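Welcome! Take a look at the sequence and the model, then read on.

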Amino acid sequence: MKLRWDLVLLPAMLISLALLGTSQFVFLTGSLHRDLGMGRLAHTLSLDNYTELASDSYYLTTLKLSIMVSAIATALTLLLAFPVAYIIARMKSRWGLALLAAVVVSSFVSIVVKVLGLILIFSANGPFNKLLIALGVIDAPVSLIGTLTGVVLGLMHYSLGFAVLLFYSVVITVPRSLEEAAQGMGASRAGVFRQVILPMCLPGLVGGALVIFNVSMGGFTSTALIGAGKVLTIPVVIERTMLLENNYGTAAALAALLLITVLVINLASVAVVSRIRRGLIL
Amino acid sequence: MTPFQHVRHRLSRHLINGSILTFAYLFLLGPILFVALASFDYGQRAYVVFPPEHFTLDAYRHIPLKYFEALWFSVKVAVACTAMACLIGIPASLGLVRSNLPYKSFLLALLRVPLQIPGVVAGLAFLQAYYAIGATTGWYATGTFWGLAIAHTFAATPFVIGTLVALLQRFDSSLEEAALALGASAWGTFKQITLPVLKPGLFTGALYAFMISFTDVPIGVFLTGPDHVTFPVEIFNAMQFDFEPTILAVSTVVTVLSLACVLLVQRMVGLDVFVKTGGAD
């Protein structure tokens with residue numbers, strides 16, 4: 001008897017699509033109804049919410065801020081995570097596995113706990129400020145709460161772990177013998193990096209960077225807590241508009257904007273990575 | 001290069017690598033350790049002193065009951081979410097990999113769409129969907145156990161599917177054919193061959209599903225009601241509105257319990273599956 005695997009798939013597929021379809025359909029149509037206040041929506045369809053987003057400088061500033069903060073966090077995460085992944089991938093001892101295990105294990109710790117720790121460490125009475133004052137770098141303690149720097153740190157902390165795992169899986173695809181061969185033929189370490197490692201890791205690096213950017217654009221918990229109502233990114237504004245101001249239509253339009261941004265970046269990343277792989281770019 | 005220069009060269013490289021690793025891991029793990037450290041210094045103040053002024057377990061003795069209630073609620077939601085994610089994810093992955101349907105990669109991409117949806121968008125989408133369903137049926141799922149568990153299932157199922165599909169694609173199905181040819185029943189083959197092979201992926205996927213639900217804030221912020229608040233949302237609210245030193249203690253308890261869970265699963269299936277599938281974030 002041959003099992004009909006397509007029939008095994010069918011119910012699971014239908015449930016998944018129902019969850020996806022219902023949730024996304026309701027809010028996307030909701031974004032097309034104008035807010036009347038008190039959580040009520042107009043009955044007629046219109047693009048009013050979107051024209052409001054496009055014309056109100058508050059939302060434009062929010063979008064620009066989100067993109068800026070995410071771009072900086074992505075660049076810094078990349079600069080830290082790639083060297084770490086590379087060092088671990090080239091370790092000859094069992095330490096490499098232990099370091100990877102530490103990353104994996106830390107990814108299971110609740111994000112609120114991590115943000116709590118970050119806030120404590122970087123608070124005015126925290127060890128970071130004490131260290132800087134002791135070293136004479138600063139005179140008075142600086143607080144990162146409610147600042148862009150703090151929000152960027154929070155986003156970096158959020159994506160560093162999986163960025164290291166991601167880039168590790170990229171670096172181990174480059175055979176070590178290739179680097180040794182290049183060195184044996186007289187290439188300097190910088191030359192090996194520029195001419196062997198970088199070209200071979202480029203698709204993974206670009207793809208990874210776009211994933212980090214997307215995750216940062218959607219980052220809510222750390223930004224809301226560290227930003228403390230002063231750094232307003234799209235996810236934070238969505239939550240406020242929906243739960244504090246009860247403007248369901250505007251909140252839905254903002255969510256649609258965020259969703260579309262993220263999906264477009266994803267499609268672009270797939271396209272760019274495949275073009276790099278085929279040697280069409282660079 | 002003289003031998004001396006060679007040694008110095010290697011030494012400086014070790015030094016640079018060592019500092020990069022130290023910096024990255026201090027940044028990554030420092031906050032978690034610091035919360036645990038600070039939890040032993042209990043004072044009636046809204047901030048933490050470092051280095052700790054005293055060592056006491058007072059913060060642990062004064063943990064308010066609401067945190068344990070929230071913890072218990074979170075565990076129940078996460079268990080329901082894990083069960084539902086597996087009930088959808090196992091047949092979906094088996095069906096997808098084994099069937100000879102056209103457009104398989106498109107179907108898989110469709111199943112993985114929730115991974116791309118930011119938590120805030122998912123939370124808002126489910127809240128508005130529950131309002132709409134409530135307006136027509138009279139039953140509002142907002143702020144209920146199942147309302148939250150279903151939204152978490154939506155976010156967690158792709159992780160179960162991801163780990164299982166990765167495993168199944170490497171699985172040699174001739175093993176199953178051999179068992180069937182040697183006279184084993186279909187159920188016997190599933191139990192004796194398929195299930196043991198799937199076990200690591202299943203445990204890993206289930207652990208991801210559990211942790212997605214258990215650590216979620218953005219979806220929970222939208223869907224928890226006044227009577228049912230999950231643990232991370234309770235901590236999130238406490239950090240926004242009323243910082244108490246006891247949240248350090250209860251956070252440390254939860255961190256230790258989470259790590260114990262990970263260790264348990266690691267004992268059963270090994271850690272390399274995690275590394276291959278890439279963290280829970």
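## A loop residue in chain A

A:N246 sits in the loop that runs between α11 (234-244) and α12 (248-277) of chain A. Its phi is near 55°, a positive value in a residue other than glycine. With a relative accessible area of 31%, A:N246 is partly exposed. Please keep in mind throughout that this is a predicted model.

## A loop residue in chain B

You will find B:Y103 in the loop between α3 (65-98) and α4 (104-111) of chain B. Is B:Y103 buried or exposed? Its relative accessible area is 68%, and a residue counts as exposed over 50%, so B:Y103 is exposed.

## Chain A as a whole

The C-alpha trace of chain A spans about 75 × 75 × 40 Å along its principal axes. Chain A has 282 residues, and 52% of them count as buried. Its accessible surface comes to about 13,100 Å², with 69% of that belonging to carbon and sulfur atoms. Among contacts in chain A with a separation of 6 or more, 66% are between residues 24 or more positions apart.

## Two helices side by side

Helix α5 (residues 111-122) and helix α6 (residues 127-134), both of chain A, pack at an angle of about 25°, and their axes are 5 Å apart. Angles under 35 degrees count as roughly parallel, and α5(A) and α6(A) are therefore roughly parallel to each other.

Which residues of α5(A) and α6(A) meet? On the α5(A) side they are A:L120, A:I121 and A:F122, and on the α6(A) side A:P127, A:F128 and A:N129. The residues of this contact divide into five nonpolar, one polar and no charged.

## The nonpolar cores

The largest nonpolar core has 151 residues, and those touching the most other members are A:F27, A:I88, A:I238, B:L124 and B:L223. Helix α7 (residues 148-171) of chain A gives the most to this core, with 14 residues.

Leaving aside residues up to four places away in sequence, A:I88 touches A:G96, A:L99, A:L100, A:V164 and A:Y168, together with B:L21 and B:Y25. A second, separate core has eleven residues, among them B:I88, B:A92, B:L96 and B:L108.

Conventions
Residues numbered from 1 in each chain as written. Chains lettered and ligands numbered in written order. Predicted model: local features only at pLDDT ≥ 70, side-chain atom pairs only at ≥ 80, totals over all residues. Heavy atoms only, no water. Axes fitted to C-alpha atoms, helices over the stretch in contact; angles between N-to-C directions. Helix = DSSP H or I, 4+ residues; strand = E, 2+ residues; numbered from the N terminus. Parallel < 35°, antiparallel > 145°, perpendicular 65-115°, else oblique. Contact = heavy atoms within 4.5 Å. Nonpolar A, V, L, I, M, F, W, Y, C, P; charged D, E, K, R; others polar. Buried < 20%, exposed > 50% of the residue type's maximum accessible area, 1.4 Å probe, protein only. Areas by Shrake-Rupley, 256 points an atom, 1.4 Å probe, with all protein chains shown as cover. Core = buried A, V, L, I, M, F, W, Y, C linked by side-chain atoms within 4.5 Å.
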